[in-house]
Structure formats: C-alpha cells, structure tokens
Amino acid sequence: MPYSAEISRTNPSCFLFLIDQSGSMADPWGSARSASGESKARQVATIVNNLLRNIVLKCSKDEGVRNYFDVGVIGYCDEVGPAFGGPLAGRPLVPVADLADAPLRIETRRRKVLDGAGGTIEQEVKFPVWFDPVAHGGTPMCQAFAQAREVLSGWTDAHPFSHPPIVFHVTDGESTDGDPTLAAESLRHLGTSDGDLMLFNIHISSHQGRELSFPAQDPGVEDPYARLLHGISSELPDAMRSHLELEGYAAPPGARGFIFNAEPAALVSFLDIGTRPANLR
Amino acid sequence: MATYRVLSLPKAGSSVRENEDAWSCRQDPGSVGWRFALADGATESSFAGLWATMLVRAYAQGTWRLDEEPQWQLENLRRRWLTVVSRRPLPWYAEEKVRLGAYATFLGLALSANPHGHRWQAAAVGDTCLFHLRGASLLASFPCASVDELPLRPEAVSSRPGAGTRFLRAEGDCRSGDRFLLVTDALAHWCLERAAQGGRPFATLVRLTSAGPRAFAGWVGTMRRRGELRNDDVTLIALSCQEPKPCPPS
C-alpha cells in the first residue's frame, strides 16, 4: 500500500515548502472578518515558522532531536533559492536536528493555552524563527518547481525506500515565467518505492471570495488559474483524507491537495494535517 | 501466591535504553498479595519513559493509591518528574516538551488472598491490556474486550499538574493455576485480532513465556517483518496464581 512506509531515523521522510515571495505578498491577507492587517508574506512566514517549530517538537525526545525528517524552504521572487536565514542560509534541505539547533533567532511570544480548568491563560513561549518575510519582484513558478525537482531528485535517490517527500507550495499569484504544468509534472514524477512525491498547492487570497478546498474532479470555477493549480496537485492519500474529514473538511476519494482563496486558518490546518506523520517510529 | 516472568523489547531500530514501556511488581505491603503495574510512555512526548517508570514503581510500592481524592499522591509524582527533568539546562525544544508534559498509558493489577480465595482488582488508563486465563478459557479482557474497543487515541496519565485522570476498573475472583497476561498496545492489538479470527494467541504467549527472551525476540522480529505486529515497544508480563505458602513456624 502506498504512503505506508515507516518513518524512522534510518528511513526519514522529507518536507519542502515552496513559498511565493513576490511583490503582491506585501498586500494584507484575509477577508474583512478575519483580516489582521498583516501582510500575506508576514503571516505565511509566521505560519511556516510555527509549523517548523512543531515538526522539531514532534521529533524531540529525551536525548535530543531525532532525524525523522529532512526539511527545506525555497523562496521565489526575483531569485529562486533556499530561504533559511542565519547558520542554515544557503542549505536547501536540512535534517530536523540541525533545524532545531540553528534558528535565525529565538523570539519570546505570548499565546493562549488551556489552563486545565476549562479556561485559557496567556503564557510566554519561545518562538524560533528560521526565515523572515520577503515580498518583492515577480513570480517565477516554473523555476521554483525546477529547483525543487533538482533538490528532491537527490533526496529520493538517497532514500529509495522512504515515505516520499511532500511539497507544499504557497502562492498568491500567477506564474510570471510561463505555464508551470510541465515543471510540476516533472516534480511529481519523483518518488520512492512507497509512492510518488506529493505536491500540494495552496492559493492564498487578497480579497473576499469563495474558498475551494480539496476538490476531487474539475473544481467547477471559471478561474483558469484555479483549474491549473488543481490540475497539478496530487491526490490526497486515504490517511490524510480521514484526518481532514475529522477536522470538518469534505475530502472525498480522489480529493486533491489544493485550496483556492485560502484564509489563514485553512493554511494552518492543512499544513498541520499534511505534516502529521501516520507511522513515526 | 504468584510467579511471574517479564519480556520486553524496544521498537526495531531503537536501543534498549529507548524502550519507553515500564513495569514493576512487588508484594503488597498492606496485605497478603501482589501489585503489578505496566505503563507505556507515549512516543510523542519527551521523558515519557521516566514518567512511565515513576508511575509503575509508585503503584507497586503502594505510594500511589488510585482511589485517593484529591489525587495528591499523583500530584507529588508530577512534581518529582518535573524536578528530575529540569535538573540541567535544556534547549528550547526540550523545555517546550517539558511544558507540554509526558504521557503514559497505565495498567495496575492487585492480587489478594483471603479466607474465601483469591481476588484480583485492576485499574487502567489507555490501551495497555490484561487477559485473565483459566486453562484455555479467556475469563476477562480489560480494559478492551475486542480490537474495535482499542482506541485510536488512547487516554493516558499526564505529568501536567492538575490534569484529569479517568481510570477504568474491573475486578473478579481467581484461583490457583489461573494466569494473567499484561501487555502493551501492539501485543494487545495482535492478541485481540487473532482471537477474533479464531486463533489461540494466548497459548502462543504462554508458550513464549516459557521459552524465554531469545525465543520471544525471534517471534516478535518475525511478526514485525510479516506486518502482523506493529513496530512498537512491546512488553509482556505473564503471571500464574499459586496457593499461598504457609507461614514458616515461628
């Protein structure tokens, strides 16, 4: 059965985040109801940094951090390249133990936590930051997929029996270097004995519009860009569909890893579910 | 009034020190009887093996009585766990894992003798299971009676101060020659699945108990390779009830 390989220190898996850092990411994100006034670039950076923190915590055990995953962030705007700052700058993929020990900086933030008596209290937590928001230039999506392919073909060669990599592509705009369909297909053809690489696309919205989550067939919208992103998204494996349905999303058989006009909350829950290991040992 | 044997193995690919199952047993200081405990530290939490070990020892020694309210003995254990894990400076991720707490499923079994016979009492949180056997008959399966009752996200005892703990309880009579098998979740799943298919999983475990650790390790390895047993820490406590020995003449 595909996507069932055990994830262990000898057979790690891999997450790669492809982040659109073009100029339009400086615009505010979210509908009037949910908008915080913060730019899309800043909110995406917070969400992805928080997710990286959660991945480190999942792998943290008594003796240190176990290398269950290799993780990378590639940003694309005027240039395409690894987006980590600080000691990890320039590295497209790093073992999770390296990620844990080398953030760009550690901030202290306040967040609400359950107080154990039915209420919430504010608590200070350490919030590591691995990459900062960037927003300028164009949207060279074809180049971004090509670079992801280059990085991950080396990884799949080195880990032929591992759970295959998952690529999360977060964008708010149309490609400025041509139709990305072929580059995306070429990326999706990578894989391991456990299955093909999974490419999930999240389009984030600057304006109010109907959110479209995990459609199986034709998304049924006029927008040619939505149809394109849907067409290059991988089908969700059964375990991920079950988790999404538990969270209240409709994810029928054949549903694809694709959200259009996503609000911040939808990005958070999809990334959380998509990086939840089913078979960590 | 009991003889027992314990067999325990870590996940394939993990070292013996990384095994987060913990067990303990002791003659009950308060009565003619024994107390056995088995706990399974949650993989997702840190310092869970230590937490599981503290729980089973406290139960076996009688310093953690599960029926006390408020649960000040459990709160004492939680404070001790926090003291031990905070002894040295921790990196940001370990500090956060300490804040999130450790979790362990738990099963405690007390055997006692009285003029009318033997009695067993068990308490459990989560999916660590007990099977009571008389010959080839299964008399009790606790806290899960079938594979369907094994929870996807089992409850666990948390090291977080004030966290609620909901014990399930069972009890019954037992007699000399009866066996109890206490197992952590991977083995519980295998037993209940095989039993549902008409197999004789408990006879297999009794045989492996007699055969010893090498035979057990070989069998577990084979079952894991075949995909019949989940790759998880695995522990089996097998105990037999016996007539109490008469007190030596004073």
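Student: In which handedness of crossing does H3(A) pass H4(A)?

Tutor: In this predicted model, the axes of H3(A), residues 141-158, and H4(A), residues 181-188, come within 8 Å and cross at roughly 15 degrees. Angles under 35 degrees count as roughly parallel, and H3(A) and H4(A) are therefore roughly parallel to each other. The crossing of H3(A) past H4(A) is left-handed.

Student: Into how many nonpolar, polar and charged residues does the contact of H3(A) with H4(A) divide?

Tutor: On the side of H3(A), the contact is made by A:Cys142, A:Phe145, A:Ala146, A:Ala148 and A:Arg149. On the side of H4(A), A:Ala183, A:Ala184, A:Ser186 and A:Leu187 take part. By class, these residues divide into 7 nonpolar, 1 polar and 1 charged.

Student: Are H1(A) and H7(A) roughly parallel or roughly antiparallel?

Tutor: The axes of H1(A), residues 40-59, and H7(A), residues 264-274, come within 11 Å and cross at roughly 20 degrees. The threshold for the parallel class is an angle under 35 degrees. That makes H1(A) and H7(A) roughly parallel.

Student: How many nonpolar, polar and charged residues has the contact of H1(A) with H7(A)?

Tutor: H1(A) passes H7(A) in a right-handed crossing. From H1(A), the residues A:Gln43, A:Ile47 and A:Leu51 meet A:Pro264, A:Leu267, A:Val268 and A:Leu271 of H7(A). The contact of H1(A) with H7(A) has 6 nonpolar, 1 polar and no charged residues.

Student: Which element gives the largest share of the largest nonpolar core?

Tutor: The largest nonpolar core holds 77 residues, of which A:Val96 and A:Val167 touch the most other members. The largest share of this core is 9 residues, and the element that supplies them is H1(A).

Student: How do the residues of the side of chain B that touches chain A divide into nonpolar, polar and charged?

Tutor: In the contact between the chains, 17 residues of chain B meet 19 residues of chain A. The largest share of the chain B side, 6 residues, comes from helix H3 of chain B, residues 92-100. The residues of that side divide into 5 nonpolar, 6 polar and 6 charged.

Student: Is A:Phe258 buried or exposed?

Tutor: A:Phe258 is found in strand E14 of chain A. Leaving aside neighbours within four places in sequence, A:Phe258 is in contact with A:Phe200, A:Asn201, A:Phe214, A:Pro215, A:Leu229, A:His230 and A:Ser233. A residue is buried if 20 or more other C-beta atoms lie within 10 Å of its own. With 27 C-beta neighbours inside 10 Å, A:Phe258 counts as buried.

Student: What is the value of phi of A:Phe214?

Tutor: A:Phe214 lies in the loop between strand E13 (212-213) and helix H5 (224-231) of chain A. A:Phe214 is buried, with 25 other C-beta atoms within 10 Å. Its phi is positive in a residue other than glycine, near 55 degrees.

Student: What is the value of phi of A:Asn261?

Tutor: The place of A:Asn261 is in strand E14 of chain A, residues 258-262. With 20 other C-beta atoms within 10 Å, A:Asn261 is buried. A:Asn261 is a residue other than glycine with a positive phi, near 60 degrees.

Student: How many Å apart in space are B:Arg5 and B:Gly212, C-alpha to C-alpha?

Tutor: B:Arg5 belongs to strand E1 of chain B, residues 2-9, and is partly exposed, with 15 other C-beta atoms within 10 Å. Not counting residues up to four places away in sequence, B:Arg5 touches B:Thr209 and B:Ala238. B:Arg5 and B:Gly212 are 207 residues apart in sequence, and their C-alpha to C-alpha separation is 8.9 Å.

Student: What is omega of the peptide bond that joins B:Phe142 and B:Pro143?

Tutor: B:Pro143 is found in the loop between strand E7 (137-142) and strand E8 (157-158) of chain B. The bond joining B:Phe142 and B:Pro143 is a cis peptide bond, with omega of about 0 degrees.

Methods. Residues are numbered from 1 along each chain as its sequence is written. Chains are lettered from A and ligands numbered from 1 in the order in which they are written. This is a predicted model: local features need pLDDT of at least 70, side-chain atom pairs count only at pLDDT 80 or more; totals for chains, interfaces and linings use all residues. Axes are lines fitted to C-alpha atoms, for helices over the stretch in contact, and angles run from 0 to 180 degrees between N-to-C directions. Helices (H or I, at least four residues) and strands (E, at least two) are DSSP runs, numbered from the N terminus. Angles under 35 degrees count as roughly parallel, over 145 as roughly antiparallel, 65 to 115 as roughly perpendicular and the rest as oblique. A crossing is left-handed if the near helix is turned anticlockwise from the far one by less than a right angle, and right-handed if clockwise. Two residues are in contact if their C-beta atoms, placed from the backbone, lie within 7 Å. Ala, Val, Leu, Ile, Met, Phe, Trp, Tyr, Cys and Pro count as nonpolar, Asp, Glu, Lys and Arg as charged, and the others, Gly among them, as polar. A nonpolar core is a set of buried Ala, Val, Leu, Ile, Met, Phe, Trp, Tyr and Cys residues joined through C-beta atoms within 7 Å. A residue is buried if 20 or more other C-beta atoms lie within 10 Å of its own, exposed if 12 or fewer, and partly exposed in between; C-beta atoms are placed from the backbone.
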